[in-house]
Number of protein chains: 2
Amino acid sequence: MATTTDVQDIKKEKILEASFQRFLHYGYSKTTMNEIAGDLSMSKALLYYYFPDKSQLYVAVMRKLADDYLNNLQKAAGSFIDLKNAFEFQINTHHDFIAKNYNFFDFFRLNEQNLPGTIWDIVGEVHKGELDLLVNVVETEVAKGTIKPIDNPADIVALLLDALHGVRVSAASYKKIVFPQKEELEELRVKRLLLSRIFINGLAS
Amino acid sequence: MATTTDVQDIKKEKILEASFQRFLHYGYSKTTMNEIAGDLSMSKALLYYYFPDKSQLYVAVMRKLADDYLNNLQKAAGSFIDLKNAFEFQINTHHDFIAKNYNFFDFFRLNEQNLPGTIWDIVGEVHKGELDLLVNVVETEVAKGTIKPIDNPADIVALLLDALHGVRVSAASYKKIVFPQKEELEELRVKRLLLSRIFINGLAS
């Protein structure tokens, strides 16, 4: 028999899915709580019972997306042929994630300098998940003997992740620290792949 | 015989030097045009004749500092024993420049999200100067045969400079994109040296 909690969880899940579709297709600013309630044939009061405002709903959807992203990385763990392959997977998965969900992130672009702390917590968790996965790969590769032993794998992986994060498009002014334009994503991907290859090459020899 | 222009240039130079000392020791926000005029025994009216407001004076001092910085890099050009040495010089010179003039940059910390475009122009020029210098070193080293030929030295150097720019301190949240704290500079320097060594090692082999 379904418990109250189960029913609530299913309802929450449906709200998150409908909201994600709205945010993805119309962006955060053009989506209203009214429309989401309408999509679900749900009263506005009930929607507000689950999520007191649009930004909290957005954060909840973001958390779900981040979990899916990290699950994708986790599923691939153990299947990499070498460190280069693992970083390529990470860079490509990250690229696909941003490219596929690009409109969803208009909230980031709109509120760049003033994102709520909960969003940064999620970004931090994703970063931590990427770090853990790649540290694990480094340790595996050291054990396999494909790269030289590294004293501090976590520091080295964090250094490369920070370096990859620093990559910018050629056309950007030095000032630019904003969320990339959609048409810039491919240039960033190619540059990140190149950077990771040079870096890993530098570790190996 | 000194022309009017010479006299004006000397006066301007003195204003920039006095302002730099004030900005360096008391920071931008705690420095007043009154104090600068006082330091120079100059009327406020005359000071305002040369620089209409404090922010324009600051930008002029910044430009002078940037020129000195680029001159230091230029003077060293041609004296590097290899690419690693050149990047170490660049990273250390950059570190010393920020550390020595740390208080001067309180303007950056205070106005982080809203710096005037002229400041970003200067930052862009410095970046361009670093890029040109290091591209030159890459070309020299390729000619000497110490590194493999590179198709696109400017892209490779820009990639490493961006990567170095992305380096952050371990204690920083993922969000942090702000001007570094003074006590973080040394950690950044050490990490940047490590990153440049791995990268250059990756180019060579």
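Student: In which helix of chain A does A:D121 lie?

Tutor: A:D121 lies in helix 7 of chain A. Please note that this is a predicted model, in which local features need pLDDT of at least 70 and side-chain atom pairs count only at pLDDT 80 or more, while totals for chains, interfaces and linings use all residues. Residues are numbered from 1 along each chain as its sequence is written, and chains are lettered from A and ligands numbered from 1 in the order in which they are written.

Student: Why is A:D121 classed as partly exposed?

Tutor: A residue is buried if 20 or more other C-beta atoms, placed from the backbone, lie within 10 Å of its own, exposed if 12 or fewer do, and partly exposed in between. A:D121 is partly exposed because it has 16 other C-beta atoms within 10 Å. In chain A, 24% of the 205 residues count as buried.

Student: How many helices and strands are there in chain A?

Tutor: Chain A has nine helices and zero strands. Its C-alpha atoms fill a box of roughly 65 × 50 × 25 Å along the principal axes.

Student: Into which domains is chain A divided?

Tutor: Domain bounds come from an automatic or database domain assignment. Here they give domain 1 (1-52) and domain 2 (54-204) of chain A. The centres of these two domains, taken over C-alpha atoms, are separated by 29 Å. Two residues are in contact if their C-beta atoms, placed from the backbone, lie within 7 Å. The contact between the domains takes twelve residues from domain 1 of chain A and 13 residues from domain 2 of chain A. On the domain 1 side, helix 1 (residues 4-26) of chain A gives the most, with six residues.

Student: How many residues of chain A are in contact with chain B?

Tutor: In general, the size of an interface is often given as the accessible area lost when the parts come together. Here one may count residues: 25 residues of chain A are in contact with 25 residues of chain B. Helix 7 (117-144), helix 8 (153-166) and helix 9 (185-204) of chain A each supply at least two residues of the side that touches chain B. The largest share, eight residues, comes from helix 9 of chain A.

Student: Which classes of residue make up that side of chain A?

Tutor: Ala, Val, Leu, Ile, Met, Phe, Trp, Tyr, Cys and Pro count as nonpolar, Asp, Glu, Lys and Arg as charged, and the others, Gly among them, as polar. The side of chain A that touches chain B has twelve nonpolar, nine polar and four charged residues.

Terms used:
Helices (H or I, at least four residues) and strands (E, at least two) are DSSP runs, numbered from the N terminus.
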